Amino acid sequence: MDKTERPNLGISPGSPIYVGERDPTETALSIIGYDISQAWLKSADTVDELLAHRNPSGITWINVNGLKDSAVITRLTELYGIHPLTVEDILDTGQRPKVEEFDDYLFFIFKYLHLQGKELISEQISMVFTKNTVITFQEMAGDPFSGIRRRILNNGGRVRKLGADYLAYGILDSVVDAYFLVLDELGARIEEFEDRAMDEKDESFMPDIQRTKQELLKIRRIVWPLRESLSLLPQLSPAFIHEELGPFIKDLHDNAIQVAETLDTYRELIAGVMEVNLSAVSNRMNQVMKVLTIISTLFIPLTFIVGVYGMNFVFMPELRHPYAYPITWAVMILIALGMLIFFKHRHWF
Amino acid sequence: MDKTERPNLGISPGSPIYVGERDPTETALSIIGYDISQAWLKSADTVDELLAHRNPSGITWINVNGLKDSAVITRLTELYGIHPLTVEDILDTGQRPKVEEFDDYLFFIFKYLHLQGKELISEQISMVFTKNTVITFQEMAGDPFSGIRRRILNNGGRVRKLGADYLAYGILDSVVDAYFLVLDELGARIEEFEDRAMDEKDESFMPDIQRTKQELLKIRRIVWPLRESLSLLPQLSPAFIHEELGPFIKDLHDNAIQVAETLDTYRELIAGVMEVNLSAVSNRMNQVMKVLTIISTLFIPLTFIVGVYGMNFVFMPELRHPYAYPITWAVMILIALGMLIFFKHRHWF
Amino acid sequence: MDKTERPNLGISPGSPIYVGERDPTETALSIIGYDISQAWLKSADTVDELLAHRNPSGITWINVNGLKDSAVITRLTELYGIHPLTVEDILDTGQRPKVEEFDDYLFFIFKYLHLQGKELISEQISMVFTKNTVITFQEMAGDPFSGIRRRILNNGGRVRKLGADYLAYGILDSVVDAYFLVLDELGARIEEFEDRAMDEKDESFMPDIQRTKQELLKIRRIVWPLRESLSLLPQLSPAFIHEELGPFIKDLHDNAIQVAETLDTYRELIAGVMEVNLSAVSNRMNQVMKVLTIISTLFIPLTFIVGVYGMNFVFMPELRHPYAYPITWAVMILIALGMLIFFKHRHWF
Amino acid sequence: MDKTERPNLGISPGSPIYVGERDPTETALSIIGYDISQAWLKSADTVDELLAHRNPSGITWINVNGLKDSAVITRLTELYGIHPLTVEDILDTGQRPKVEEFDDYLFFIFKYLHLQGKELISEQISMVFTKNTVITFQEMAGDPFSGIRRRILNNGGRVRKLGADYLAYGILDSVVDAYFLVLDELGARIEEFEDRAMDEKDESFMPDIQRTKQELLKIRRIVWPLRESLSLLPQLSPAFIHEELGPFIKDLHDNAIQVAETLDTYRELIAGVMEVNLSAVSNRMNQVMKVLTIISTLFIPLTFIVGVYGMNFVFMPELRHPYAYPITWAVMILIALGMLIFFKHRHWF
Amino acid sequence: MDKTERPNLGISPGSPIYVGERDPTETALSIIGYDISQAWLKSADTVDELLAHRNPSGITWINVNGLKDSAVITRLTELYGIHPLTVEDILDTGQRPKVEEFDDYLFFIFKYLHLQGKELISEQISMVFTKNTVITFQEMAGDPFSGIRRRILNNGGRVRKLGADYLAYGILDSVVDAYFLVLDELGARIEEFEDRAMDEKDESFMPDIQRTKQELLKIRRIVWPLRESLSLLPQLSPAFIHEELGPFIKDLHDNAIQVAETLDTYRELIAGVMEVNLSAVSNRMNQVMKVLTIISTLFIPLTFIVGVYGMNFVFMPELRHPYAYPITWAVMILIALGMLIFFKHRHWF
């Protein structure tokens with residue numbers, strides 16, 4: 001189950017301390033500098049070494065992977081004038097997705113979703129976006145940014161021509177794209193449930209379907225605030241986002257809506273699958289019990305009849321009749337047939 | 001099940017690549033030019049050949065059928081100054097219905113619904129509407145536009161007298177009209193379900209009803225965004241839509257609301273049908289089990305009695321009594337009658 | 001079931017063609033002219049004959065009963081400058097209730113509900129309200145307007161003193177009043193269901209209750225848009241509605257809200273009745289099955305015992321014991337009593 | 001069941017005629033006049049006699065108890081210039097709670113709730129509040145106003161010092177306070193249901209709980225419109241309500257919200273109680289049926305065995321074996337024990 | 001069950017009387033004065049003694065623990081010019097959480113939640129916040145403020161540097177932090193329910209889960225109004241709250257939203273757990289009944305056969321056949337095997 005992440009209880013608000021369910025990953029720093037004519041990727045051990053690789057005249061993208069070393073993160077964020085509450089949020093992996101506007105920067109929190117085997121992994125990514133610089137903080141190794149990194153370094157696409165706001169958009173876009181992959185997998189699982197729904201002996205059906213419902217719930221808690229945040233973006237200060245970016249942000253928002261709607265559709269599909277399953281289980285059970293009960297009901301009167309002629313009364317005239325035995329058989333067969341015809345006529349089997 | 005259409009993962013946003021579940025249909029181009037005095041329909045193999053048939057002084061309607069040839073579509077859209085994200089949307093058949101206002105054009109995405117046998121087919125249609133020109137892009141062959149095409153070519157109705165905005169309205173109107181045909185068919189199916197609901201042996205009832213529920217869900221996902229888009233139309237730039245069109249757009253919006261409300265009514269009807277079915281199945285089952293159990297219960301005490309006189313005790317005085325056998329029968333018949341009267345009195349059958 | 005009324009597919013929008021589930025009723029025309037000092041009611045065969053009876057200095061109320069003769073309706077509406085889409089709506093009996101403001105007139109669509117035997121009849125009534133003139137179009141014979149007509153002709157009440165807007169209000173008011181009669185009847189039916197809910201053998205209970213639910217649904221689809229329309233009335237042009245009418249319209253709106261809330265209450269009552277029924281059926285069934293099973297369970301061990309002494313082993317010492325038979329009886333009675341006491345103690349019956 | 005109160009069908013709107021489910025109570029008139037230095041309470045038989053006791057320089061509170069004598073009410077309301085629709089509402093006891101602002105007065109309708117034995121009584125109270133005068137109309141004898149009356153006459157509290165708006169507030173406040181008494185009683189009933197929920201033999205449980213649900217529904221229909229009306233009060237004309245009254249009205253509104261929330265909580269509690277009951281009934285039933293079936297299942301194979309040795313075949317070697325009988329017993333006991341162990345092992349009992 | 005707290009019925013509004021379910025706790029007074037350079041904590045027996053310890057140039061925090069001594073509370077609130085309705089709210093422990101703006105102060109009501117063993121305790125805390133002074137009123141001993149008190153006295157953190165508004169924020173923040181602790185415990189309980197859901201013999205499962213649902217309901221009634229109040233804070237007068245506090249209040253609001261969303265998630269998880277439980281119980285029951293019924297069904301035809309040869313007819317040729325007995329056994333074994341194969345083939349066990 002998804003535990004509630006508890007903020008630092010009893011600690012002064014705004015303290016830079018890692019909070020999370022998982023052990024923090026070691027911090028690694030990397031930097032990409034680019035403009036229309038060039039692009040480089042460097043990694044570094046200290047913040048100062050890192051900042052030496054900034055592109056003063058172009059765009060700089062700093063990536064902090066792993067939140068263990070809070071000293072490094074404090075140092076970096078102080079240099080960029082980031083509010084202590086923002087730093088606290090970056091280090092607390094239980095935050096809701098959100099966008100916040102500060103005087104000098106925009107702050108985003110969102111979640112990268114992927115499946116590891118059958119398990120849904122949700123990783124928190126924070127993004128600080130100031131003029132010409134984007135800083136991303138990842139909770140763990142593994143991110144959805146390889147495509148955009150490749151496009152920057154290989155001089156590919158629009159990204160090298162446009163500003164830091166397009167880079168920030170591209171980062172959000174790859175996160176939303178990753179949601180579609182997860183949805184595809186969940187969709188395939190629901191199709192599988194549709195097949196399993198008719199099998200009344202599948203005892204793990206209900207727990208499995210509940211697990212998928214919980215995962216949908218978890219994704220919903222991630223996608224709805226993101227959708228809401230994206231709908232707020234156009235109202236933010238034009239200092240941060242150029243007008244040309246409008247259609248791109250609208251497109252991103254549309255994708256987030258589509259993810260949210262697909263989640264709702266999946267919920268309804270799962271509800272339908274559960275109804276089919278309940279109905280199938282109960283129908284099968286009813287059929288079985290009916291047939292078994294019909295068999296019993298057929299034999300019980302016959303057993304009574306044979307019991308009658310097993311009685312040891314001295315004066316039972318039938319016992320001596322030469323055709324009594326075959327007549328009894330005939331009567332019993334007639335009774336059985338009569339009952340069968342009656343049951344059939346009533347459509348009981 | 002309806003799979004989530006995934007956008008071009010890892011590809012730069014705005015790339016003109018076909019995305020869809022179905023194989024793309026070969027691209028065919030046709031053009032209708034008309035004004036109040038004349039109208040012509042031409043088809044062409046290339047974009048340039050096509051554009052030679054434009055009506056520079058009147059209205060031009062270009063129809064692109066099939067999305068396979070992205071080069072043709074790119075060429076055509078570039079000539080009309082259409083944004084790369086719009087082209088990406090045209091080529092991605094998993095888009096939500098929407099309307100978007102750009103500087104030079106309005107962009108619509110909607111879905112044409114029809115039934116092929118029992119299967120619900122949803123085809124994406126995009127429409128770019130600029131001054132005096134309407135360009136429609138259809139995912140597949142087969143469309144709801146034959147009526148409007150005939151009216152244009154036969155000098156019929158209002159369409160030849162009014163502008164390109166009335167043509168765009170007419171196209172949307174025929175799409176919404178087609179929804180009513182689908183609703184009629186689904187309504188007939190639900191009536192059929194009402195009859196089938198009382199038959200507790202119809203094992204395919206629940207899967208069939210779930211399939212129809214899924215189709216209603218699918219239509220809902222198509223109709224609600226359309227309804228929302230239509231409600232936004234009056235707020236769009238008057239550069240695109242003349243004031244006279246107001247009542248027509250309101251009428252179209254009303255029709256979309258009616259489709260949406262009918263969908264909701266169908267959902268409730270289906271829920272009701274399922275309740276009737278559950279209740280019928282369980283009532284019938286209960287009746288059957290009760291009758292069968294009553295039969296068993298009647299005979300079990302009698303079988304006990306005959307068992308008693310089947311015992312081989314040496315000293316059982318009744319066995320020698322000359323009327324023991326008929327008395328036993330009488331007692332058993334009395335017991336059976338008593339139980340029947342008791343059951344009847346308690347209204348157990 | 002309520003079929004979706006399909007608009008004229010493939011036909012140019014705004015065409016004056018009757019659309020409906022029922023065969024159209026023959027068109028009959030009548031006119032009421034009145035002012036504070038006089039009032040007359042005339043019927044006519046043609047539009048021109050009819051209009052000769054207008055009251056040029058007072059209020060005129062034209063009533064068109066039956067929508068079969070579209071030529072007559074087209075002629076009349078053209079004379080009053082009514083938009084083709086309005087005429088199309090008048091002739092399409094599957095419209096949602098609504099109010100629309102045009103330059104020269106207000107256009108209302110609403111539904112008159114009444115019960116014919118057990119069947120709920122919904123009749124569409126359209127009303128065009130221009131300065132000093134009200135034109136009503138009824139789908140069928142039979143309307144709720146006899147009271148208001150009598151008040152006009154008998155010089156009764158406020159209606160003769162106030163303007164055409166008060167007449168229009170009076171017409172709407174009598175329609176809403178008729179809803180209360182229908183609600184009363186449905187309320188009585190729900191009370192009847194409450195009695196029937198405890199009878200687990202009433203197999204038509206569930207279909208009957210579903211029929212009433214469908215009727216509530218149908219009324220809801222009629223009342224909610226009306227309520228919404230009435231809430232819009234105060235915002236309409238003061239050219240149509242005088243300020244003095246304010247409290248009357250608010251009162252009408254309150255009545256529509258009350259109808260809507262009563263519908264919601266009825267839905268909840270029906271849901272409650274269904275719960276009581278489900279619980280009663282299952283309780284009764286459980287009681288019956290329990291008693292039957294207890295009877296079987298009592299006799300099965302006894303039948304085993306008598307079976308034991310029905311065995312034909314040569315060496316069975318008990319068989320020869322002189323008191324074996326009465327002792328066996330005693331043992332069996334003790335076992336039966338023990339089981340009964342055990343079952344009673346466990347509160348099984 | 002709560003019947004829909006039908007307005008005066010076919011009667012001109014605004015007619016002063018009593019409408020209600022109960023027979024109207026005889027009309028009795030009383031008047032309280034007070035200011036900071038004095039207070040008096042008088043009753044009277046006619047309106048004119050009554051008005052002689054007004055306090056022209058202070059506050060006057062006229063109370064009309066019972067709505068039978070519409071002539072008296074018409075006379076009184078005409079003297080105060082009250083709109084005919086208001087009078088119609090006062091005389092129609094099926095109105096929704098509301099507040100309406102007229103030019104010269106505020107008009108309130110609300111309901112006084114109390115329990116008579118187990119029955120929930122809802123009494124309509126109307127209040128007309130003009131400058132320095134409050135007129136209340138009560139449907140029946142018995143009201144929640146004794147406390148406020150006593151405070152006025154005994155020179156108690158704030159009420160003598162503040163204006164007529166504080167009196168109106170005090171009247172509303174005592175009505176809302178009375179809701180809490182009813183809620184307490186219903187809360188106690190729900191606690192009782194929680195105890196009864198575990199008793200699967202309590203056949204009146206479901207009807208009783210449904211009755212309480214209906215009462216909650218009825219209170220909800222009374223409280224929600226009141227809450228809505230109270231939220232509108234601060235926007236009303238400052239001519240009616242002084243600024244100092246602001247915190248009192250907010251407090252009243254808070255109380256109404258608390259009543260509404262408690263109703264919602266009660267609904268959820270009842271839903272929970274019903275779930276517990278359904279689960280308890282079905283668990284108990286399952287336990288009983290399982291034990292009974294186990295008993296049958298134990299004896300059926302044994303009965304078969306004794307049947308075998310009850311057969312009369314001439315050649316059955318076992319029958320002659322000297323230990324056959326005890327061996328048979330041993331085998332049967334072993335079979336029974338084996339089955340018991342198997343059932344126990346499977347946790348079937 | 002949570003009883004509705006009833007306000008002082010029949011008592012003039014604004015009277016300072018303790019209302020609550022619990023007996024009131026003895027009143028104890030303490031005061032903290034601090035500024036950037038110093039901080040002290042004193043307790044006192046009377047209000048005047050207490051106020052001697054105020055910090056006139058810095059921040060003062062008065063804490064009133066226990067509401068029994070209404071004279072002390074009246075005296076203190078009069079000195080600070082607090083409205084009688086506020087005092088009534090402070091003394092009524094059944095208030096909804098809220099924030100109210102008065103001319104001279106902000107008034108907060110909120111609830112401190114904690115678990116005592118398995119029981120959820122909700123304690124009302126009121127806070128009056130005027131310029132430089134914060135007064136808190138606690139219903140009982142035990143509060144979540146030890147952390148903030150320690151930070152003030154130990155010169156820790158931001159609190160000593162910022163104004164009284166930051167103190168008020170810090171108090172609210174520790175209350176919300178305490179909610180997370182309660183949520184963690186409830187989350188653990190739900191995980192426990194997930195394990196218990198598969199055990200169909202756990203009769204206290206349903207009552208336990210309902211108790212947790214009631215607690216979630218109770219927390220929801222506490223958290224939703226708080227969340228709403230916090231969303232109103234930014235609109236309050238800037239006289240009370242400095243601009244620098246903006247991000248802190250937003251953060252607090254985000255935490256309240258997270259608590260509310262976690263509650264919703266828990267509700268859905270519980271619903272899922274109940275579905276799993278219902279399905280598990282019914283599946284197990286079905287399995288058991290099926291196996292038991294199969295055993296009966298196997299033996300009933302065999303018992304009939306042995307009954308046949310237990311009949312005492314004189315003329316039964318089979319009885320004399322030398323191999324009749326073994327043949328009968330063979331036939332019975334074949335029948336039993338045939339039935340088992342048939343049942344297996346049909347997947348009945």
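**Cores, contacts and a rotation axis**

Modeller: In this predicted model, D:A168 touches D:M127, D:F129 and D:V134, leaving aside residues up to four places away in sequence.

Biologist: What makes D:M127, D:F129 and D:V134 contacts of D:A168?

Modeller: Two residues are in contact if their C-beta atoms lie within 7 Å. D:A168 meets that with D:M127, D:F129 and D:V134.

Biologist: Which residues touch the most other members of the largest nonpolar core?

Modeller: D:L167 and D:A168 do, in a core of 78 residues. Helix α5 of chain D, residues 164–196, gives the most to this core, with 16 residues.

Biologist: Why are chains B and C said to be related as by a five-fold rotation axis?

Modeller: Chain C can be laid on chain B by a turn of 72°, with a shift of 0.0 Å along the axis. The RMSD is 0.1 Å. The two copies are therefore related as by a five-fold rotation axis. In chain C, C:G310 comes closest to that axis, its C-alpha at 4.4 Å.

Biologist: How do you know that the copies meet through different surfaces?

Modeller: Only 12% of the interface residues of chain C are also interface residues in chain B, so the surfaces differ.

Biologist: How many residues does each of chains A and B bring to their contact?

Modeller: Chain A brings 54 residues and chain B 43 residues. On the side of chain A, α7(A) gives the most, with 30 residues. By class, that side has 21 nonpolar, 20 polar and 13 charged residues.

How values were computed
Residues numbered from 1 in each chain as written. Chains lettered and ligands numbered in written order. Predicted model: local features only at pLDDT ≥ 70, side-chain atom pairs only at ≥ 80, totals over all residues. Core = buried A, V, L, I, M, F, W, Y, C linked by C-beta atoms within 7 Å. Buried ≥ 20, exposed ≤ 12 C-beta atoms within 10 Å, placed from the backbone. Helix = DSSP H or I, 4+ residues; strand = E, 2+ residues; numbered from the N terminus. Nonpolar A, V, L, I, M, F, W, Y, C, P; charged D, E, K, R; others polar. Least-squares fit on C-alpha atoms with pLDDT ≥ 70 in both.
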